Amino acid sequence: VKELEIKYGTSATKGLSEAEAAARLQRDGPNALRPPRGTPGLVRFGRQLAGGLQCLMWVAAAICLIAYGVQRGQGDRGSSDNLYLAVALIAVVVVTGCFGYYQEFKSTNIIASFRNLVPQQATVVRAGQTLQVNAAELVLGDLVEIKGGDRVPADIRVLAAQGCKVDNSSLTGESEPQTRSPECTHESHLETRNIAFFSTMCLEGTATGLVIGTGERTVIGRIASLASGVGNEKTPIAVEIEHFVDIIAGLAVFFGATFFLVAMLIGYPLLRAAVFFMAIVVAYVPEGLLATVTVCLSLTAKRLARRNCVVKNLEAVETLGSTSVICSDKTGTLTQNRMAVAHLWLDGQVLAADTTEDQSGEAFEQRSASWPLLSQVITLCNRAQFQPGQEGVPVAQRDVIGDASESALLKFAEVTSGPVAAARGRFPKVAELPFNSSNKFQVSVHEAGPQQLLVLKGAPERVLERCRGYLREGEEHPLDPEWRRSLEGACLELGGRGERVLGFCARWLPPGSVAAGTPPEALAEVATGLCFAGLVSLIDPPRATVPQAVRKCRTAGIRVIMVTGDHPVTAKAIAAAVGIISEGSETPEDVATRLHLPLEQVDPRQARARVVTGSELAALAPGALEELLRTHPEMVFARTSPQQKLLIVESCQRLGAIVAVTGDGVNDSPALKKADIGVAMGIAGSDAAKQAADMILLDDNFASIVTGVEQGRLIFDNLKKSIAYTLTKNIPELAPYLVYITASVPLPLGCITILFIELCTDIFPSVSLAYERAESDIMHLRPRDPRRDRLVNEPLAAYSYFQIGVIQSLAGFTDYFVAMAQEGWWPLLVLGLRPRWEDAHEQELQDSYGQQWTFAQRRYQQYTCYTVFFISIEVCQIADVLIRKTRRLSLLQQGLFRYTWVCIGCFLCYCPGMPNVFNFMFQWWLVPMPFGLLILVYDEIRKLGVRRHPGKTHLGTPWIPGTHLGTPGPHLGTPGGTWNSPGTHLGTPGPHLGTPGTHLGTPGPLPPPLDSIPSPHPPQIKAQVTRPGVCRCLLLVERPKNPKRSPRNHQKVTKKRKTLNT
Amino acid sequence: MATGRNSSGTRRRRSCWAAPGAAVKILLFYVIFYGCLAGIFIGTIQVMLLTVSEFEPKYQDRVAPPGLTQIPQVQKTEITFTASEAGSYEPYVRNLDNFLRDYSAEQQTENIVFQDCGDTPTEYKDRGPYNDAQGQKKVCKFRREWLENCSGLNDPSYGYKDGKPCILVKLNRIIGFKPQAPVNESLPPEVMAKYNPNLIPVHCVAKREEDADKIGAVEYYGMGGYPGFGLQYYPYYGKLLQPRYLQPLVAVQFTNLTYDMEVRVECRAYGQNIVYSDKDRFQGRFDIKFYIKSS
């Protein structure tokens, strides 16, 4: 205390003087959290308008305006097309920009959420006087007093405390209230008892302490600055889209520049060539793509919201799908964040109690003759009570006054042995000694008819000291060594599961042995010679749905890591209970026990699982964490600080994983922010966690994440379809310009029409593809490898561009030539016609029949051509949307009209009325139909080939040499990692090991491994995962055998998975 | 093609080098694929062309009603010249000469091709169905002499050297189009004066009201002295059946144009099925500017 006084220049009794406090406030600043300086909104908005594509569009718009201006200046009143185009382009850019800005704007300042945690008022002793001050005015060395119900106003060193308990759960993840006392119990300031943290809640008792940290220098302040300092990672889908947009923009500029040069060389005036450049950019850039992606994502977000996942950041929808590692907090996420009775020990047996949230599990056997006494003790030796007025509420949801353990016992008693209040009424309390940390037990004495009943509960060893006998089959026996051993064994076993064990005993006293009003201290003397009734163990039980969800994650190739602030024993027990440490896995400690070796001699690599504590983590060399993550597929991190959580996330990311972090506490917020996708708990989650997260689980249910993963994968698959669809029409949009410039035909398709296609008619079908259901069991596949399974890859682009796109272009040109010929312009005349066609002074241009056309008539005809070309693209796009519905299955298999949405979408936007700005004639719809059919048939043939010869080269699909071969491998276990990677690396797992359905297949003809890890378990299979990157830290999932699957099915499933697809 | 930068791109390139056979296969595939597509494309267009008649377009909704155009063809529809400088109007004269060559009497001598349709406007001359079952169709003669001062026979400068420029007005050719003579009410009085039920009259006035007095006298020379197109020249049977068809012409001479200022003239052809459109300023009418410099 003296040291402290000196260190902080204060007095432990009188506190600081007012003047000194004011001076320090000046020096250190207020005790509050400061928001970081952000970029101004205008700059951010500007950034939205200056992306790669946007810049291109600006250039295009500028060219349009210049061209319009020049035409104007030359007195050409002919057309304001260029003006319209410029306006449309600018509108597209600005609207997209606003949308993006809005999205960004929504992820608001994270600091604001911390502010709610900060207390407003503090009781402080200054110059010997106790006064209330604003919490922001606290300074170092201030002497503050806290009492139950207050928030701790700063980081304080406790100088004196009476039964003070604080709730650190949001800061450290410990679900139990922590006692605060003046003694130093641990070196780490996070664990020692004599420091209470800023913003934590003082639950009971009082304490006086010295302020040792204010504002940013508190623990929570550091977390806050950590959280706000962590940059938001780019989501995988954003990376994908950026990658894609870069390519598109590059190609657009390349094409544009090429034709600009060509046009200049041919001898066009500069302005004309610039307009060509602009037109090519407009034709090639998929203006509607971003809108499509956004709408698809928000549809999925909506679907997820119905399943209790609220998505804050749209792109996060997909991120969950590509997640390969989930770092889950324990408390409140995997567990229910409440204490509950897990086990009972009576009559020498361990019985499991029902720990489910809704009491739907099986009740234990209550037939033992010892049970009535034990239940009576549990009921009576308890100070907690239900809050009044909750008769209708299920027991588990009732609010209780009392601490966590007591309420757990109370609820347990209410459920198992009927109304507690009635029982207590029958046995009125005479006297009691409440629990305290030095006694470690609690006693109460009740009137029980002619006798008095003394009941006692507490730590088993203290309880045992006071016992003379034990209860078996309802009868009291004297203690014997054998029974003691069995009791110790039970204590160890239950304690080893991370449960808190309490012993219960009782004794019948003659009437009047304890008078009403006996001082509590006296009771300790009465309570001897008791009869031991049984043990009850408490735990924060895992949620019922979690084990199933963890299993699903594993099937889906997702590794689940537990990262908690709680104790390693508890963490390990919960991990084992939910399957994060799977049955049969051993930690190095387990191996040591099994082999009777000291821990040092055990090679940690033999162990599949590993529990690492925060202090061990701190001692690790840089890089060793990655090594650990690589070596042990099943990891549990305990006693971790927020920084360490961040470190773990970063390590996983360095290994190439897409990391999801779930958490609820303030301490999780930096990791949530750092993660590729942060998932916060909606009910238990602190505001800070929710703000930092990208997604909120409204029901706090870990299982919802699995739904999210499924939807995320589905949307990635479907986005692929959407984009393939969207890309296809770029060729028929671009081709008219190329032909226009090279073959000098009258322009077949105008820029405005292109924009109309991009932004109006094509949005609906491409969005409707987002509703497609999955073609195969996506949850049995590995997460995609973000470096290899791109959203858009070469086969997809090639297939869209060079095959379907070309067919569409031909359809367009056919229809164009037909329309021209029918009006009198035969194809051969049309070629090279452009200069005369576009001569505004030529009013008597002769067609193939000798008819003479004025300029305006020709222009009208040209618009007709736009219409015709437009119709052709649309007709082909109908076929295109149909073929894109599936990638491998035949349309007939998938069901052509399964989704009315698609059909309505098709009809609505392609119905003749829509483009009524144009002229319409039915026969123009007929001409491209054969081409539409051709597309359908062609793609069906391709799909047939894909199904017949999975992985083989076949008609219509450009394969990637060297990566497509392979026989179908084993279908279970790791599926070779091909879940949605058309063509690129259809790595087919090679020869499978063991019988089908055993374990791991080695992916076949993949590039030589950059890094391979030996599969640590089971050791007899020497499989190596050769996929670089992500799989290094992937858990090699050992899937249960599935005897139901026949070989035929097996074959089929494999094929589906292996096939080429686009 | 799309991913040059990422690893799969490099891998692909590498494997292409490693397995040139595969690259050749891809190439071969595309050659065959595009070959097939080209075949289908050309085939479709051929089939489509079969449905299109050689003699008559399937649709004429874009080309009708016809445009009205003038000779000489001029850029920006402006005729600027100095009467005393032969060089300044030489292009116009040459343009007129070229155009009128087909109208010369010696070009219209073959009686298999040409038919004398009289000196006065008469009814349409229907020449049967639009095919070559009866060979080529005959064409009405148009005498260049009818154009009098603007025929270039007497005055090879078409009046330009006197500052009295001629222009030729003609209706665009449209297969099967039968212009209908105007009904009375809508016509300007000058046109009414020379009304004929088989005549599509042509009339030129000042574009702007205030120019009305600057135009001066306007002479019209047409078939048999009628200021318009006789209906016997219609319908047109197309360049296959009437390769030497002669459009009826009206010559318009402005004999007293004000010099040294821009005078805008609008000429119209009148008929029930000849309409004017704001979007197409050459449909059934045109306007032209004269700027005659005095020195």
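## The open sheet of chain B

Chain B holds an open sheet of five strands, in the order β2-β11-β10-β6-β8, with mixed pairing. Strands β2 (78–82) and β8 (228–230) of chain B are the edges, and each pairs on one side only. From one strand to the next, the twist averages 20°. This is a predicted model.

Strands of a sheet pair through backbone hydrogen bonds, either parallel or antiparallel. Which sense do β10 and β11 of chain B take? Strand β10 (residues 262–269) and strand β11 (residues 285–293) of chain B are antiparallel, and seven bridges join them. Across this sheet, Glu266(B) of chain B faces Asp287(B), which sits in β11(B).

## Disulfides in outline

A disulfide is a covalent bond between the sulfur atoms of two cysteines. How many disulfides does the structure hold over all chains? The count is three. With bonded cysteines counted along the chain, the disulfides of chain B follow the pattern 1-2, 3-4, 5-6.

## Cys117(B) and Cys140(B)

Cys117(B) is joined to Cys140(B), with an S to S distance of 1.7 Å. The torsion about this S-S bond is about -85°, so the disulfide is left-handed. Cys117(B) lies in the loop between β3 (114–115) and β4 (139–140) of chain B, while Cys140(B) lies in strand β4 itself. The pair therefore ties together parts that are 23 residues apart in sequence.

Are these two cysteines buried or exposed? Cys117(B) has 6% relative accessibility, so it counts as buried. Cys140(B) is buried too, with a relative accessible area of 3%. The cut-off for buried is under 20%.

## Cys150(B) and Cys166(B)

The sulfur atoms of Cys150(B) and Cys166(B) are 1.8 Å apart and form a disulfide. What is the handedness of this disulfide? The torsion about its S-S bond is about -70°, so the disulfide is left-handed. Cys150(B) lies in the loop between β4 and β5 (166–171) of chain B, and Cys166(B) lies in strand β5. The link therefore ties together parts that are 16 residues apart in sequence.

Both cysteines are buried. The relative accessible area is 0% for Cys150(B) and 1% for Cys166(B).

## Cys204(B) and Cys267(B)

A disulfide also joins Cys204(B) to Cys267(B), S to S 1.9 Å. This link is right-handed, with 105° about the S-S bond. Where do its two cysteines lie? Cys204(B) is in strand β6 (residues 199–206) of chain B, and Cys267(B) is in strand β10 of chain B. The pair thus ties together parts that are 63 residues apart in sequence.

Cys204(B) counts as buried, at 4% relative accessibility. Cys267(B) is buried as well, at 0%.

## Cysteines of chain A

A disulfide needs the two sulfur atoms within 2.5 Å.

Cys55(A) has 36% relative accessibility, so it counts as partly exposed. Cys164(A), by its relative accessible area of 1%, is buried.

Conventions
Residues numbered from 1 in each chain as written. Chains lettered and ligands numbered in written order. Predicted model: local features only at pLDDT ≥ 70, side-chain atom pairs only at ≥ 80, totals over all residues. Heavy atoms only, no water. Pairing = 2+ DSSP bridges. Helix = DSSP H or I, 4+ residues; strand = E, 2+ residues; numbered from the N terminus. Axes fitted to C-alpha atoms, helices over the stretch in contact; angles between N-to-C directions. Buried < 20%, exposed > 50% of the residue type's maximum accessible area, 1.4 Å probe, protein only.
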